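I opened the two-chain file and kept notes as I went. The entries follow in the order of my look-ups.

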Amino acid sequence: MKSMAYPQDYSKISKVEKPVIGYARFGRVLKFNRYLFLLQLTLLLFVFEFLVIFLLEDYFKVLSSITKRVLEDSYTKSYKFLKLTLEYSVSQGRLPTLQESFIYLILSLLSLLLLTRKSNPLPKYVSAWLMYIAFVYFVSSFYFLLFLEKFPYTERDFAILYLLQQTGVFIFIPLVLGLSLSVFTFSPLNLLFNAFTILLTLIYSSVFGGIRYIFFVYVLKEFSYIHMPAMFFIFGPLLDFIYIVSFYSLCLYMTLRLLQKRQEAFYQWGF
Amino acid sequence: MGVLIFLLKAYMILLMFILLMYLIRHYFFTLNRAFGKQRLYYQDVLDEDLPTVSVLVPMHNEEKVARYILDLLVEADYPKEKLEIIPINDHSTDRTKEILDEYAQKYPFIKPLHRYGDLPRGKQNGLNDALKIAKGEVIIVYDADYLPPKGQIRTLAVAFKDPQVGAVMGRVVPINAGKNLLTRLLDIERTGGYQVDQQARYNLGLIPQYGGTVGGFRKDIVIKLGGFDAKILAEDTELTYKLYLNGYKVAYANIAECYEEAPEDWNVRARQLRRWSRGHNQVMFKYLLPTLLSKKLSFWQKVDGLLLLMIYLQPFLISLGLIDSLILFFLGEMQIIGSYLFLLFIFAHNSFGNFAPFFEIGTALVLDGVKERVFLLPLMFFEFIFNIIYASLGFIDALIDLITKRTVIWQKTERFRNA
């Protein structure tokens, strides 16, 4: 029967010749090794959580000394968290002036108005993020314009809040990656790859978290507390989540590639 | 002030609990699909006594895609004496009517239904009218941009050999996945949603969802249950709940893959998402209590049914959570922020209904054997705020619908194919 449609690119459904016919994707499941799964869960979670808690005090001590070197006017304090003593260095921040608050208020309000206009040429997903950023700055500047004296935080409070947040990130990395990567039990090598991924993510997080902290303290000192909400609600845990997922992707890709080279089986029938 | 802070904190804790429930549910689904025992679909049933089938194809200004789907349906491997195709031309102002008439002249089993004049627009209204003239025992529905493979009608129809099956649902695969960032992201979301989520719900005897296309239902049951509610935009979700509350089930056919055209433009996607959210939340308002009180559903079906109903409520709750945490921040409640902010974001990212969490999509991509696409996972970050905004707007629309009882107007998804 002759097609009545016009030819176009959607009709090009690629035909791939495969040397071996694999399990059809509708009914296959992943090759599963119960012992490896449980071993991974136990080792990845407990070993790395222990490592995080064990190194937490030292990490913040090192960060504190680096901060002190970078920001010469900073001073050092410590915070008791459960049984841990977390050290931090921080420079004195400053409140925004009324003029600053007013400028940020106008800028954020204008941004919101422009972004919500139908004629906005930016892609909607970019606009959505910019709207979110503008909204956080709008709230922040509005607050500082009206309740400047009531702002409840000092630079020390900020530092403690950051410490807690970074601790949360460190604790959650082994948990999130351990639970999601343990699903793959193709070979004992999985344990090695997954452990390496968690280690790499923790190292990345400690470097990134440290640089971010020093940068934030610098911003609070030079450009005022008006940026503090953005530090938590925009450039805080949301950014951490991106690299955690990126490392998950990288691990998954590398694992599959390497195991494919070793001709490991990934699938079996699920029925 | 103390009471306000208590309420704000209580909301945060409640939100965390709800999001944690979704997270656990998705993780459990992932484990089940990754290496649990899979439930067989009915593809092995070989029966010459196939039911009569009416294929309905709702269309509104579909000149770009109409010929493709009609060509493929004409080629369908289903006894022609048991098959009729009813393209529903719903107030089209382009060449859709002419195209349909051209095909009807050539093929006697193509019987277009033209809807013009005072007839109310919308997919649900078109389906209701088509049910009045359809002769098939089984109704199979395809949206106009779909490209059904040759044997799919048989694959879907055979499920109705099980008298408990009220509806069947196949798997949707975007054909234009490689077009741009949006289509790539939608493709991996769909992979997670079907390969893991739907199949796991089917495996576990929970509530796989009838999705309104690449699926079908028994005509007599749907007519007996009153057809489709003209005020509800998500007629598919409504039918799922109607069926389960009346003792029927939905079968999921992971084998029945059908190509669709995913939106290629963020504005189109925004409208689609808002409409889905609005429709789904309309169903939530209507079926939340009946689901909770139903005697036909098991305990776990109720849990899954309620979580499924609340999927598009989540983004709105998350928006409130973000505002709540901003207020708490300025009220000096730093401890709760320090402890919960990371949790809020991680839970929010991971518990978006059919915008599946990263580990569910990652597992689905491995199951599908498309390892390169795992690199797209971090890019889902781009969608995060976008999804929250447009799904929340859909919830607000549904809330206004509930209060004002206004008439809903169907917004068609724009097509991108070059005709």
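**Entry 1: a loop residue in chain A**

In which loop of chain A does A:Ser224 lie? I found A:Ser224 in the loop between α5 (189-223) and α6 of chain A. I am working from a predicted model, so I keep that in mind throughout. I checked the backbone of A:Ser224 next. Its phi is near 80°, a positive value in a residue other than glycine. A:Ser224 has 18 C-beta neighbours inside 10 Å, so I note it as partly exposed.

**Entry 2: another positive phi, in chain B**

I turned to B:Lys405, which sits in the segment after α14 of chain B. Its phi is positive, about 60°, although B:Lys405 is not a glycine. Is B:Lys405 buried or exposed? I count 8 C-beta neighbours inside 10 Å, so B:Lys405 is exposed.

**Entry 3: confidence in chain A**

I looked up the pLDDT of chain A. The mean is 89, and 93% of the residues of chain A reach 70 or more. Residues 1-16 of chain A are below 50. Beyond near neighbours in sequence, that stretch has 13 contacts in the model.

**Entry 4: a hairpin in chain A**

I followed β2 (residues 75-81) into β3 (residues 84-90) of chain A. The two strands run antiparallel and are joined by 7 bridges. A:Tyr75 stands opposite A:Val90 in β3(A). β2(A) and β3(A) form a hairpin, with 2 residues between them. In the turn, A:Leu82 has a positive phi of about 50°.

**Entry 5: a helix crossing at the contact**

I picked one helix pair across the two chains. The axes of α3(A) and helix α14 (residues 381-404) of chain B come within 8 Å and cross at roughly 80°. That makes α3(A) roughly perpendicular to α14(B). Which residues meet here? From α3(A) I list A:Lys124, A:Tyr125, A:Ala128, A:Trp129 and A:Tyr132. They meet B:Phe382, B:Glu383, B:Ile385, B:Phe386 and B:Ile389 in α14(B). The residues of this contact divide into 8 nonpolar, no polar and 2 charged.

**Entry 6: the sheet of chain B**

I traced the strand order in chain B. An open sheet of 7 strands runs β3-β2-β1-β4-β6-β5-β7, with mixed pairing. β3 (113-115) and β7 (249-260) of chain B stand at the edges with a single partner strand each, so one side of each has no neighbour in the sheet. Neighbouring strands are turned by 20° against each other on average, direction ignored.

I stayed with β7(B). Its pairing with β5 (residues 165-174) of chain B is parallel and covers 9 bridges. B:Ala167 stands opposite B:Val250 in β7(B). B:Met169 stands opposite B:Tyr252 in β7(B). I then checked burial: 9 of the 12 residues of β7(B) are buried, so the strand is largely enclosed by the rest of the structure.

**Entry 7: buried helices of chain B**

How many residues of α13 (residues 358-368) of chain B are buried? I find 10 of 11, and the helix is mostly covered. The buried residues include B:Phe358, B:Phe359, B:Ile361 and B:Leu365, and B:Glu360 is also among them. Just after α13(B), B:Gly369 takes a positive phi of about 75°.

B:Pro357 has 27 other C-beta atoms within 10 Å and is buried. I also checked B:Pro357 against B:Ala200, 157 residues apart along the chain: their C-alpha atoms are separated by 15 Å.

Last, I took helix α2 (residues 66-74) of chain B. Its buried residues include B:Ala66, B:Tyr68, B:Ile69 and B:Leu70. What covers the buried residues of α2(B) includes β1 (53-59), β2 (83-90) and α3 (96-106) of chain B.

Conventions. Residues are numbered from 1 along each chain as its sequence is written. Chains are lettered from A and ligands numbered from 1 in the order in which they are written. This is a predicted model: local features need pLDDT of at least 70, side-chain atom pairs count only at pLDDT 80 or more; totals for chains, interfaces and linings use all residues. Two strands pair if DSSP finds at least two bridges between them. Helices (H or I, at least four residues) and strands (E, at least two) are DSSP runs, numbered from the N terminus. Axes are lines fitted to C-alpha atoms, for helices over the stretch in contact, and angles run from 0 to 180 degrees between N-to-C directions. Angles under 35 degrees count as roughly parallel, over 145 as roughly antiparallel, 65 to 115 as roughly perpendicular and the rest as oblique. Two residues are in contact if their C-beta atoms, placed from the backbone, lie within 7 Å. Ala, Val, Leu, Ile, Met, Phe, Trp, Tyr, Cys and Pro count as nonpolar, Asp, Glu, Lys and Arg as charged, and the others, Gly among them, as polar. A residue is buried if 20 or more other C-beta atoms lie within 10 Å of its own, exposed if 12 or fewer, and partly exposed in between; C-beta atoms are placed from the backbone. pLDDT is the predictor's confidence in each residue, from 0 to 100.
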